Amino acid sequence: MAKMTATENSNVAEETPETKEDGVEQSNAVEEEQKLPYEVEDGRKTCTENQSKETDINDEDTDENKSILSKLFVHSQWLAVQSPYFKALFYSGMKETYSNEVVMKIYEDDLQAHLTLIEAMYKLDVLIDKDYHLVVQVLVLANKYDVRHVIKKCKYVLLSTAPSLDMCEYILQEIKHLSHMADMYDMLEKFLVKEFTPIDKTWTMEKFTGLSKAALRLLLESDSLGTQSENTIFVALMEWVRFNIPSQARNKCDLLDVVRFEFIEVDFLYDFVQEHLVATKMLGFTKHLLKGLAYHGFSQIRREQFKSKPKKRPFVADADPTFSWVIDDKLEEKLTKFPGVPVYSSIFWNQGYKMKLQLGYMEDLSKCNFYLAIFGLKGEGCLYASYRAKSSLFVSKTIQLKKTLYTASNRSWGYRSLECNKAQIRGKGYTIDIWVQIN
């Protein structure tokens with residue numbers, strides 16, 4: 001029977017009842033002391049709790065050196081069977097093997113995880129009802145001490161827990177240096193893909209820009225992440241970088257490889273990507289841009305010769321409107337008070353292109369002007385687009401614009417003198433739903 005004793009820089013001590021085996025009592029100790037993690041000392045040199053306090057009185061920096069003992073009685077043979085680390089600690093022939101107490105110094109924050117690890121080596125079920133933070137900490141320690149059956153149990157508990165974004169981020173942070181975590185990464189990837197699909201609607205949300213770099217990479221690298229266009233993946237990444245990476249540090253940002261430039265539309269590459277203010281500062285930009293442009297120029301025969309073929313993401317069809325514009329009482333008042341003066345919607349996106357809606361009432365309020373504007377087209381940049389709009393404002397309920405060429409000089413297209421429902425005006429407001437199709 002081994003007695004493991006921990007000292008920690010705190011005011012709380014924990015003891016477990018002493019047990020005996022074959023009438024023989026051995027003792028090993030686990031001690032924690034700030035700034036000296038996981039260091040093993042000869043137990044015979046370890047102070048008792050009273051001696052420790054006496055030593056502290058003579059120490060100049062008493063606050064940092066105060067420590068108390070927390071003892072746990074364990075079977076040294078059982079721990080040795082479970083962990084190569086403990087086997088070496090108890091039976092290697094080193095001086096710790098012959099001491100009555102073996103001392104391990106650990107940080108105060110890690111003490112509960114150590115005690116839970118030892119307990120789990122006796123009874124795996126103790127992990128089931130534990131908070132995921134503690135289970136992850138035990139997983140990290142189990143990897144450190146190579147306690148394989150505890151590693152499996154920790155994984156089982158975590159894989160059986162419904163994840164959240166906070167849990168996902170915590171796990172990614174803690175396991176980043178661990179090996180054999182493919183099943184954990186697979187679970188987290190599936191969660192992130194589900195959480196952010198369709199990416200076309202979620203990348204503008206705060207929860208997306210709030211992702212850590214590790215979570216962002218896991219999400220955008222996924223073959224399962226569906227989108228209407230790879231253009232969207234590019235603008236989503238640019239938004240995250242703009243929000244999270246200072247301008248002066250973007251030349252070291254290595255995230256461009258999560259974008260599949262081969263599947264970005266060639267016009268988008270030429271008109272938007274090649275001069276993007278954020279992308280051009282990022283590591284390896286020219287290489288990635290040329291890879292995308294070259295892929296579009298290659299013949300099908302050459303593409304088939306690639307040893308590593310790029311994989312296109314699944315296409316996500318979306319029956320919902322591209323954008324829904326709510327005309328509330330305040331906005332309607334502005335429209336009726338100043339006939340002929342247009343109002344604009346907030347920005348929305350479709351396949352990487354930035355858009356707005358424009359609406360204005362005529363003087364007698366019987367007709368209105370309605371337009372879709374596409375921004376960012378420069379020089380010779382152009383884009384074919386069509387749309388369908390539906391609202392109780394329109395007498396016909398639904399209007400449709402045929403495929404039209406948008407350019408830098410003609411960026412707004414729609415309807416003038418469109419008949420509108422006067423009964424709807426000065427009512428309780430209404431909504432304009434629009435479906436945009438990029439051709």
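Predicted model: local features only at pLDDT ≥ 70, side-chain atom pairs only at ≥ 80, totals over all residues.

Colleague: How many helices and strands does the protein have?

Modeller: Helices (H or I, at least four residues) and strands (E, at least two) are DSSP runs, numbered from the N terminus. The protein has 18 helices and 13 strands.

Colleague: What percentage of the residues is buried?

Modeller: Buried means under 20% relative accessible area, exposed means over 50%, and partly exposed lies in between, with a 1.4 Å probe and protein chains only. Of the 439 residues in the protein, 46% are buried. Contact, in turn, means heavy atoms within 4.5 Å. Among contacts with a separation of 6 or more, 72% are between residues 24 or more positions apart.

Colleague: In which order do the strands of the open sheet stand?

Modeller: Two strands pair if DSSP finds at least two bridges between them. Here four strands form an open sheet in the order β5-β13-β10-β11, with antiparallel pairing. β5 (323–327) and β11 (398–407) each have a single partner strand and stand at the edges, so one side of each is left without a neighbour in the sheet. From one strand to the next, the twist averages 25°. For such angles, axes are lines fitted to C-alpha atoms, for helices over the stretch in contact, and the angles run from 0 to 180 degrees between N-to-C directions.

Colleague: Which residues are bridge partners in this sheet?

Modeller: Strand β10 (residues 382–390) is joined to β11 by eight bridges, and the two run antiparallel. A389 has I399 of β11 as its bridge partner, and L383 has Y406 of β11. β10 also pairs with β13 in the antiparallel sense, over six bridges; the bridge partner of K390 in β13 is D433.

Colleague: Which helix lies across β5 and β13?

Modeller: Helix α18 (residues 329–337) lies across β5 and β13 (430–438), and runs at about 70° to β5.

Colleague: Why is strand β8 described as largely enclosed?

Modeller: Seven of the nine residues of β8 (residues 353–361) are buried, so this strand is largely enclosed by the rest of the structure. Strand β6 (residues 343–344) is joined to β8 by two bridges and runs antiparallel to it, with L359 of β8 as the bridge partner of V343. Strand β7 (residues 348–350) is also antiparallel to β8, through three bridges, and F348 is partnered with M355 of β8. Strand β9 (residues 367–375) pairs with β8 in the antiparallel sense over eight bridges; K354 has F375 of β9 as its bridge partner.

Colleague: Which residues take a positive phi in the hairpins of β8?

Modeller: The hairpin of β7 and β8 has two residues between the strands, and Q351 takes a positive phi near 50°. The hairpin of β8 and β9 has five residues between the strands, and there L365 takes a positive phi near 60°.

Colleague: Where on helix α4 do the buried residues fall?

Modeller: The arc to consider is that of the directions from the helix axis to the C-beta atoms. In α4 (residues 84–91), F86, L89 and F90 are buried. Seen down the axis of α4, its buried residues fall within an arc of 85°, so they line one face of the helix.

Colleague: At what angle do helices α7 and α8 pack?

Modeller: Angles under 35 degrees count as roughly parallel, over 145 as roughly antiparallel, 65 to 115 as roughly perpendicular and the rest as oblique. Helix α7 (residues 132–144) and helix α8 (residues 148–159) pack at about 155°, with their axes 9 Å apart, which means that α7 is roughly antiparallel to α8. Residues making the contact include V135 and L139 of α7 and I151 and C154 of α8.

Colleague: Which residues of V316's surroundings does it contact, leaving aside its neighbours within four places in sequence?

Modeller: V316 lies in the loop between α17 (300–304) and β5. With those neighbours left aside, V316 is in contact with P198, G226, T227 and Q228. The C-alpha atoms of V316 and L225, 91 residues apart along the chain, are separated by 9.1 Å.

How values were computed
Residues numbered from 1 in each chain as written. Heavy atoms only, no water.
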